[in-house]
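Please read it alongside the model.

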Amino acid sequence: MNTKDLLAQFRGEALLGGGQKRIDEQHKKGKLTARERIALLLDKNSFEEFDMFVRHRSKDFGLEKQRPLGDGVVTGCGRIHGRFVYVFSQDFTVFGGSLSEAHAEKIIKVMEMAMRNGAPIIGLNDSGGARIQEGVVSLGGYADIFLLNTLASGVVPQISAVLGPCAGGAVYSPAITDFVFMAQGTSYMFVTGPNVTKTVTHEDVTSEELGGADTHASKSGVAHFAMPNELECLNGIRKLLSYVPQNNKEKAPIIASNDDPARMCPLLNNIVPAQSNQSYDMKTVIEEIVDKGSFFEVHEQFATNIIVGFARLDGESIGIVANQPLSMAGVLDIDSATKGGRFVRFCDAFNIPLVVFEDVPGFLPGTDQEWRGIIRHGAKLLYAFAEATVPKVTIITRKAYGGAYDVMNSKHIRGDINYAWPSAEIAVMGPKGAVEIIFKKEIAEASDPAMREEELTNDYRERFANPFIAAERGYVDDVIEPSETRIRLIRALKMLATKQDTNPWKKHGNIPL
């Protein structure tokens, strides 16, 4: 056989992976093959494959007789929206996608290329875990990948899609990456599976309940996106990448918008209820202000009392952090602080300006939160905002109470521009609580305690529960009409486009993990 024929034969073998029978089994499970996923993820005909002919080198347990080309992972580069990305896609049809030394080396090669060339790395995970026959060598391969995930963090965007099993040590690579997508019904992640869980804790739980997409998207927060199927996952990755830059030295792409930058938002003038104990939907505020249809929420099902996501203002990418009055009155708790802090740090690492919509009554009280460390976890969000040097603009729509006022990108922690609506209430606590403390004795001694308390509360509200005391001090740069918020935000971000700010030199800070 001549070399040309041999090349064709080898390519044909590699393209079939584990063979047609196993491909059919993959399809019966509602799953795509490694190559089908890549074809849907990347721009048409843009994939450039590397290491198609790599084989494992193991000779134990009869593996020397099974040496498929590619060794269970497809790697290479391609384009999304015309911009280069690097990708690896595990092939479950070959040894169940298990990771061997050679398999790990292929992944490491594209990760190193991504870092050198300043482009995102996307991992499509579908693997039975470490290849048992290779023992510690496969474990070492995982550790090598974990190290590169860590070194690449904050250098290039890292995105993981879990499209099948991901268990044991394998879960830690996606966990280090910036965003995790999961497909509902066909993917799961856990450190120890249902069988071990039942043996150790006597809990009877299914794989889906223990580590399925919905579990991780709503309960643990491990997954940022739980999509109905693999196609939605892959399209979600494409959409996400339209908001982020190629690397930490670039800015996000500008996408022309047909939305008028001078558009007023009259709907917002009446969105905040007159009664401060009534709720409203902060997502309506966000969607009214940003370029139409551009809001892309992240972690939608997890810690719903805070909203994070990407959007555009006059075509430019922004990261949004917002309290949600519809969920737990927008209070900050352990999960919301962690969720917000991680998102803020991603945006800061990749030069994406931050816009904060604030309506926060404080931190959630109670023994559960205190004993589980609300102080430490709440400090994560504070640390993230204080550390961030990207442009940071805050809109106080209503409540800004206590320490939560400080934490939500206040002027005092280097908020660049801080606006307040006339409905803003900036105080140590709500008027009723403040009056009960300050005038406790006077209220108790009044002939009509309830009436006296109401009078004092109204007086306190008029004097302190408004934005003008803060504005007098310069803690708020301006009090604006809600309807002009879009215009003012666009102006502010244009002004801050050339902002330069630095932190003191350090190896790294010590965020309160």
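H103 lies in helix 4 (residues 101-117). Helices (H or I, at least four residues) and strands (E, at least two) are DSSP runs, numbered from the N terminus. This is a predicted model, in which local features need pLDDT of at least 70, side-chain atom pairs count only at pLDDT 80 or more, and totals for chains, interfaces and linings use all residues. Residues are numbered from 1 along each chain as its sequence is written, and side-chain values use heavy atoms, with hydrogens and water left out.

**H103.** H103 has a relative accessible area of 0%, so it is buried. Buried means under 20% relative accessible area, exposed over 50%, partly exposed in between (1.4 Å probe, protein chains only). The side chain of H103 reaches the backbone oxygen of D71 at 3.1 Å. Contact means heavy atoms within 4.5 Å. Setting aside neighbours within four places in sequence, H103 contacts D71, G72, V73, Q90, G97, S98 and R131.

**Helix pairs.** Two packed pairs are tabulated here. Axes are lines fitted to C-alpha atoms, for helices over the stretch in contact, and angles run from 0 to 180 degrees between N-to-C directions.

| Pair | Axis separation | Angle |
|---|---|---|
| Helix 4 and helix 5 (residues 136-152) | 9 Å | about 10 degrees |
| Helix 12 (residues 334-349) and helix 14 (residues 374-387) | within 8 Å | roughly 20 degrees |

Helix 12 is therefore roughly parallel to helix 14. Angles under 35 degrees count as roughly parallel, over 145 as roughly antiparallel, 65 to 115 as roughly perpendicular and the rest as oblique. On the helix 12 side, the contact residues include I334, A337 and G341; on the helix 14 side they include I374, L381 and F385. Helix 4 and helix 5 are roughly parallel too. In helix 4, E101, A104, I107, I108, M111, E112 and M115 meet residues of helix 5, among them V137, G141 and L148.

**Helix 16.** Which residues of helix 16 (residues 431-438) are buried? They are P431, A434 and V435. These three lie on the same side of helix 16, because they cover an arc of only 95 degrees around the axis. The arc is that of the directions from the helix axis to the C-beta atoms. An α-helix has 3.6 residues a turn, so residues three or four places apart point the same way. The buried residues of helix 16 pack against strand 14 (392-401), helix 17 (440-445) and helix 18 (449-464).

**E481.** E481 sits in the loop between strand 17 (478-479) and helix 20 (485-495). E481 is partly exposed, at 43% relative accessibility. Its C-alpha atom is 33 Å from that of P245, 236 residues apart along the chain.

Note on methods: Polar contact = N/O pair within 3.5 Å; in protein donor to acceptor, adjacent residues only side chain to side chain.
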